[in-house]
Amino acid sequence: MDRSIRELMNHLGLPRIIIILFFISICIMAVFLGLPTDMLTNQVLVRIGMNGVLVLAMVPAILSGTGPNFGLPLGVICGLLGTLISIEMNLTGFPGFFAAIIISIPFAVIVGWVYGLLLNKVKGSEMMIATYTGFSVVFLMSIGWIIMPFKSPEMVWPIGKGLRVTISLGERFAEVLNKLWHIDAIIPGFGELKIPTGLLVFFFILCTIVWLFLRSKSGLALKTAGDNPKFAIASGINVDNNRIIGTVLSTVLGAIGIIVYTQSYGFIQLYQAPLMVAFPAVAAILIGGASAQKAHVSHVILGVFLFQGLLTIALPVASSIMSEGNISEALRMIVQNGIILYALTKVIGGE
Amino acid sequence: MDTKYTLQMKNIHKVYFNNKVLNGVNINVKPGEIHALLGENGAGKSTLMNILFGMPVIHATGGFEGDVYINGQLVNVKSPKEAMKLGIGMVHQEFMLIPGFTITENIKLNRETTKHNLISRLLGSSLKTLDKRSMESDARRSLDTLGLEISEKAKVSGLPVGHMQFIEIAREIDKRNIKLLVFDEPTAVLTESEADNLLKSMKKLASTGIAILFITHRLDEVMDTADNITILRDGEVVATKKKEETNVSELALLMVGRKIERNVPSENRKSSEDSEDIMTLKNLRVSMPGEEVKGINLSIKKGEILGIGGLAGQGKIGIANGIMGLYPTRGEVYLKGKKLKLNDPKTMIQNGIGFVSEDRRGIGLLLDSSIQLNIVLTAMQMQNKFLHKIGPITQINNGKVKRHAIKMINNLDVRCQGPQQLTRRLSGGNQQKVCIARALTLEPDILFISEPTRGIDVGAKKLILDLLYKLNKELGMTIVMTSSELGELRSICNRIAIISEGKLEGILSPFDSDVDFGLMMAGEYHKFHKEEA
Amino acid sequence: MANVNKLKNKINNNTNFGEKIKDVVMNNIVTIIFVVLCLIGIKLSGLPIFFVANELVTRISRNSFLVLALIIPVLAGMGLNFSIVVGAMAGQIAIIAVTHWGITGLPGFLLCAVIAFPFAVLFGYLTGKLLNKTKGQEMITSMIVGYFANGVYQLVFLFLVGTIIPMKNNVLMLSSGVGIRNTIDLSGGVKETGIKYALDQILKLPIFYVLIAFSILAILYNIFKLTNRRGIVNRREKQNKSKDSFKYIVNMSMFAILLILSIVIVAGNTPLKNIQLPVVTVIVIGVLCLFNILIVKTKLGQEFRTVGQDKHIAKVAGINVDRIRVLAIVISTVLAAWGQLIFLQNIGTLNTYGSHEQIGMFSIAALLIGGASVSKATVGQAILGTALFHTLFIVSPLAGKNLFGDAQIGEFFRAFVVYGVIGVSLGLHAWKNRAELKRKLKIE
């Protein structure tokens with residue numbers, strides 16, 4: 001018994017244990033402080049669905065051996081582009097939402113393929129190069145947002161050039177998923193439970209697709225290429241191609257992820273907004289139990305729950321303890337980057 | 001003790017994990033003597049040197065028994081640094097040189113001459129200025145001692161390999177107190193003329209009174225340079241000879257000879273010379289670092305067990321790796337007369353060639369995956385087995401996978417908790433069986449298996465060898481087995497090809513004499529027989 | 001490998017002069033591109049040369065120290081130290097403390113330097129320890145360390161100051177009595193409250209007069225070196241000596257050109273002659289340059305270089321690799337702390353939660369633009385890079401506006417360039433390493 005606990009502790013690692021304990025204590029505090037638990041639960045549910053797909057995008061990247069996809073902004077930009085085109089085509093509701101996804105996928109495939117080729121050239125330094133590729137593309141596209149010939153008055157500045165910084169989706173497809181099969185129940189002793197069923201179902205469907213893919217022939221080849229490239233080569237598996245497939249999948253999921261995110265958030269944010277989008281996603285999957293080399297769909301679900309739950313609940317707890325200031329931002333930075341640093345110390349090789 | 005010896009090692013015993021690797025070794029080296037240390041891989045040479053240099057690996061595994069005397073003083077070397085202080089130096093086989101540095105900087109690496117400046121007086125000696133001038137003159141002197149004409153200010157990166165070796169030596173003799181210099185296979189990477197130069201310099205150094213311990217397997221170099229020769233085999237000194245009292249063939253015999261463990265009655269193993277060729281290698285060249293193959297012509301006969309032997313670093317390992325496409329390869333490979341595309345593992349696997357790598361944990365296994373996945377993965381990817389198919393969509397057929405894995409586990413007697421166990425948790429022998437099971441799942445015509453018994457305990461070794469013999473006899477599978485252990489090759493093979501310096505030295509029958517094996521392994525067979533003729 | 005090098009040498013010897021020039025261009029391609037970009041930018045922006053030059057002098061004296069702080073980790077093979085952000089935080093901690101105590105001017109500045117030192121040493125030590133655990137991934141680790149430390153820094157100065165850390169100051173702190181304000185004025189209008197211009201204002205001289213004096217001194221030094229040569233021993237040394245003479249003569253003519261140019265500007269009575277140089281700041285930067293150059297010639301510097309070239313060989317040679325690496329980061333962090341002090345005394349306001357954030361990236365981009373790489377960086381590259389980087393900074397908004405009718409495009413382009421240059425040079429480095437590995441495999 002004692003040994004199995006110690007083994008579990010070793011497996012989890014100190015930072016993860018701290019985060020889990022912290023999460024539990026914050027939950028307990030929230031209850032004792034008399035915070036509206038029903039509202040918090042509802043918020044957590046929405047944020048799981050909102051961020052889940054972006055976290056899921058890490059899985060194929062990690063498994064194919066390119067490490068956590070710090071170049072997620074690339075996929076996100078493709079998703080934003082799809083959304084913008086969907087609005088330009090004057091689509092609303094579900095057609096608008098799905099059109100955004102369908103339009104963004106070919107962009108994401110091409111971008112992911114080129115990006116995969118790049119990552120194959122820089123094996124061993126993927127994370128750093130991915131980060132800076134993402135950063136620079138965000139600014140390149142910032143120029144793009146100014147000069148692209150979009151016409152829809154919802155999106156462009158009434159005077160001057162270019163697209164607005166934030167574009168409302170209120171008239172388009174804001175919350176289409178959240179409202180789908182929305183469950184609103186009043187539970188005595190708890191309060192009002194609102195379940196964004198459509199959003200969660202969409203997230204779980206994508207999780208299932210990824211899970212099924214990982215059990216297919218090509219999925220297993222991808223996992224093998226990432227797990228042990230030498231073994232893969234000796235088994236006749238083309239490692240470089242599989243790394244590209246992983247990168248493409250990750251980029252496509254990033255594109256879908258941001259569309260899901262924006263429909264729930266209700267606004268598109270352009271320009272520098274996608275700059276740091278990769279870090280919370282990376283942190284979430286790591287908190288869920290993944291490492292820079294191993295990841296599983298279950299890590300996504302657990303990680304996004306813990307990380308988003310922590311952030312959601314910490315904010316009201318902190319502000320009810322301390323009168324002002326946004327402590328949750330500082331907390332997010334510490335938790336998010338702390339877990340990434342921890343994962344980096346576990347990366348083997350490089351030398 | 002006797003002060004006339006620079007180095008005396010007395011009755012050295014060393015045990016690694018209940019495995020005796022040195023058993024009462026004695027060795028004596030006088031000042032100015034060149035003493036050769038001969039032995040096959042695993043004979044205990046490197047362990048002996050690790051003891052001499054106080055390498056951490058020795059202390060981490062429980063130390064050793066016996067005494068080491070330097071100049072008659074009993075010493076207890078705890079670290080390589082102490083060895084350096086005692087005046088023992090090593091010329092490494094792989095160069096410990098920094099290409100971006102000048103020759104002077106390399107010679108003086110971490111032993112720079114320094115002088116005080118204003119700041120270092122205040123803040124400590126690590127801020128002392130380097131005394132370039134004195135460093136350069138020191139380096140010059142060492143280079144002059146070796147008769148090397150190159151400028152001490154030149155960068156190492158542009159130098160030929162031969163010179164690099166000399167800079168290593170210059171570094172050692174630059175240490176003023178150097179008494180004993182160990183050369184670890186110094187000529188392995190040199191051309192013939194470079195090697196000649198090196199041997200000359202060794203003699204020159206010895207004439208200044210430095211004792212030299214010369215580790216090698218090149219018998220002609222030994223006969224040319226050494227004064228005395230100690231031969232190690234299986235951790236024991238089998239002989240210490242004066243050069244004048246011995247010859248190449250005796251040394252070869254002493255190095256290799258051992259009682260042959262024969263698993264199988266000899267009458268069952270006929271020569272396979274007359275069988276038809278299943279695979280032919282023409283001028284095969286493989287650039288595998290450390291195991292380079294430099295042009296091999298070889299026929300593999302149908303239904304035989306072909307052994308590939310030779311010393312480490314000679315290229316035997318490179319052959320199978322090259323054919324499988326794991327390292328850049330040139331030349332021609334024919335399978336049943338059909339020319340195969342090289343550098344493409346897929347072609348090889350799909351043509352019925354199986355491979356069990358010498359690097360079990362690195363290439364052979366997915367350590368964090370289950371036994372069953374390890375067994376079926378290659379067959380699934382290459383032959384579309386073990387899959388459910390619904391149109392273009394595929395899913396792993398776990399039921400089929402499990403049934404097959406259990407069958408294999410039973411057939412090969414893999415000791416495990418079940419097909420779901422991670423291969424990391426298995427013992428070396430059982431891991432090897434999983435690797436073999438994976439190769440067998442492909443139902444290959446030819447099985448390449450490298451170092452099948454490395455790192456496996458004695459009982460499991462026999463099981464693996466029996467298994468290979470059974471596969472060959474019962475299924476008629478052609479097996480090409482590469483091994484550093486001559487004994488195990490001789491126990492089950494029909495023919496044994498010996499590789500030396502990246503080339504085929506010759507093919508022997510397992511029943512040929514120990515002398516022939518020894519000469520071939522040392523690459524002396526042809527030279528020797530030519531002289532005889 | 002050596003064989004290849006030998007071959008390469010042969011090839012190099014055989015190549016003609018034209019290819020040598022091509023080599024030089026290819027090796028400095030980044031710098032050359034940026035020189036061209038800057039020239040185009042200056043032209044497009046239409047800014048008066050006086051404005052650009054004046055701004056540039058200010059910015060070079062403000063930022064070079066931080067860029068120079070990056071050099072030692074590069075020498076020790078740890079790549080570009082993104083975690084100088086942590087050093088900058090140490091500097092800001094000192095500034096907040098000193099401003100709180102009300103010590104201003106030069107004494108305040110010196111006290112800042114003293115207080116920042118132990119913090120920077122501690123932070124550098126911790127960062128160094130962490131980087132030793134993540135060998136091979138130093139750069140991403142140091143970048144994330146910066147983000148992580150930023151979180152801790154915010155936690156401390158937004159929530160712990162005034163609660164756990166006792167402090168009372170109406171000017172510096174938020175009205176609630178918890179947390180430091182967003183911006184801290186270091187000059188403070190009528191009454192001096194901070195360390196603004198503490199260093200810059202000690203001595204200011206017109207830059208071209210300083211240049212004239214400096215060139216004359218330099219020429220004299222070179223003449224002295226040229227004539228005062230010791231006896232020549234042998235042929236080889238003689239060759240070296242003649243090479244040295246050549247170097248001195250080239251140096252001399254360069255300074256002569258600089259001298260003439262300065263005299264022309266001063267005599268021509270252009271507005272340029274009014275540009276002021278903060279002499280003491282420049283001397284401090286000069287001392288750091290000298291430090292970076294001199295440390296290479298010491299035992300410690302040799303150890304940095306050895307570790308940087310090959311960790312394994314360094315270890316075999318008896319060097320304590322981990323200790324040397326920690327030391328490199330500690331030095332870099334301390335220098336960054338001081339660099340941030342110089343930066344802020346010139347800016348005059350401390351943006352408590354923002355001043356440090358971009359420091360690492362901007363300094364690294366500057367260094368790379370100067371022609372440095374992940375494995376090689378010199379003092380000259382740092383200064384040149386700072387000049388080019390800031391020229392681009394000054395001109396790009398206006399250039400963007402004049403070209404596209406939108407200043408934002410210029411700014412985005414600038415940011416794209418900053419990130420892009422880092423990405424590209426990291427990529428090239430990784431790619432070259434892999435190509436090297438592959439080539440090693442191919443040799444037969």
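Which strands of chain B does helix α1 (residues 45-52) lie across? In this predicted model, helix α1 of chain B lies across β3 (34-38), β6, β9, β10 (211-216) and β11 (228-233) of that chain. The helix runs at about 130 degrees to β3(B).

These strands belong to an open sheet of 6 strands in chain B, with the order β6-β9-β10-β3-β11-β12 and mixed pairing. Its edge strands are β6 (88-91) and β12 (236-242) of chain B, each of which pairs on one side only. On average, and with direction ignored, neighbouring strands of this sheet are turned by 20 degrees against each other. At the β6 end of the order, β6(B) and strand β9 (residues 180-184) of chain B run parallel and are joined by 4 bridges. B:Leu180 in β9(B) is the bridge partner of B:Ile88. A further helix of chain B, α7 (residues 161-174), lies across β6 and β9 of chain B, and its direction is at about 175 degrees to β6(B).

Chain B also contains an open sheet of 4 strands in the order β2-β1-β4-β5, and here the pairing is antiparallel. The edges are taken by β2 (19-29) and β5 (73-75) of chain B; each has a single partner strand, so one side of each is left without a neighbour in the sheet. Strand β1 (residues 7-16) of chain B is paired with β2(B) through 8 bridges in the antiparallel sense, and B:Ile12 stands opposite B:Val25 in β2(B). Helix α1(B) packs on this sheet as well, where it touches β1, β2 and β4 (65-70) of chain B. The direction of α1(B) makes about 115 degrees with that of β1(B).

Between chain A and chain B, 17 residues of chain A are in contact with 27 residues of chain B. The buried area is about 1800 Å², and carbon and sulfur atoms give 58% of it. On the chain A side, A:Arg215, A:Lys217 and A:Phe231 lose the most area to chain B, together 35% of what that side buries. The count of salt bridges between chain A and chain B is 0, while 10 residue pairs are found in polar contact across this interface. The elements giving two or more residues to this side of chain A are α10 (217-227) and α11 (229-234); α10(A) gives the most, with 5 residues. By class, the side of chain A that touches chain B has 7 nonpolar, 5 polar and 5 charged residues.

Between chain A and chain C, 45 residues of chain A are in contact with 41 residues of chain C. About 3800 Å² is buried here, of which carbon and sulfur atoms give 77%. A:Met128, A:Tyr132 and A:Leu341 supply 17% of the area that chain A buries against chain C, more than any other three residues. The salt-bridge count between chain A and chain C is 0, and 1 residue pair is in polar contact across the interface. Helices α6 (93-121), α7 (126-147) and α15 (327-345) of chain A each supply at least two residues of the side that touches chain C, with α7(A) giving the most, 13 residues. The residues of this side of chain A divide into 25 nonpolar, 14 polar and 6 charged.

Technical notes
Residues are numbered from 1 along each chain as its sequence is written. Chains are lettered from A and ligands numbered from 1 in the order in which they are written. This is a predicted model: local features need pLDDT of at least 70, side-chain atom pairs count only at pLDDT 80 or more; totals for chains, interfaces and linings use all residues. Side-chain values use heavy atoms; hydrogens and water are left out. Two strands pair if DSSP finds at least two bridges between them. Axes are lines fitted to C-alpha atoms, for helices over the stretch in contact, and angles run from 0 to 180 degrees between N-to-C directions. Contact means heavy atoms within 4.5 Å. Buried area is the accessible area (1.4 Å probe) that two parts lose on being put together, summed over both. A salt bridge is a side-chain nitrogen of Lys or Arg within 4 Å of a carboxyl oxygen of Asp or Glu. A polar contact is a pair of N or O atoms within 3.5 Å; within protein, one must be able to donate a hydrogen and the other to accept it, and residues adjacent in sequence count only if both atoms are side-chain atoms. Ala, Val, Leu, Ile, Met, Phe, Trp, Tyr, Cys and Pro count as nonpolar, Asp, Glu, Lys and Arg as charged, and the others, Gly among them, as polar.
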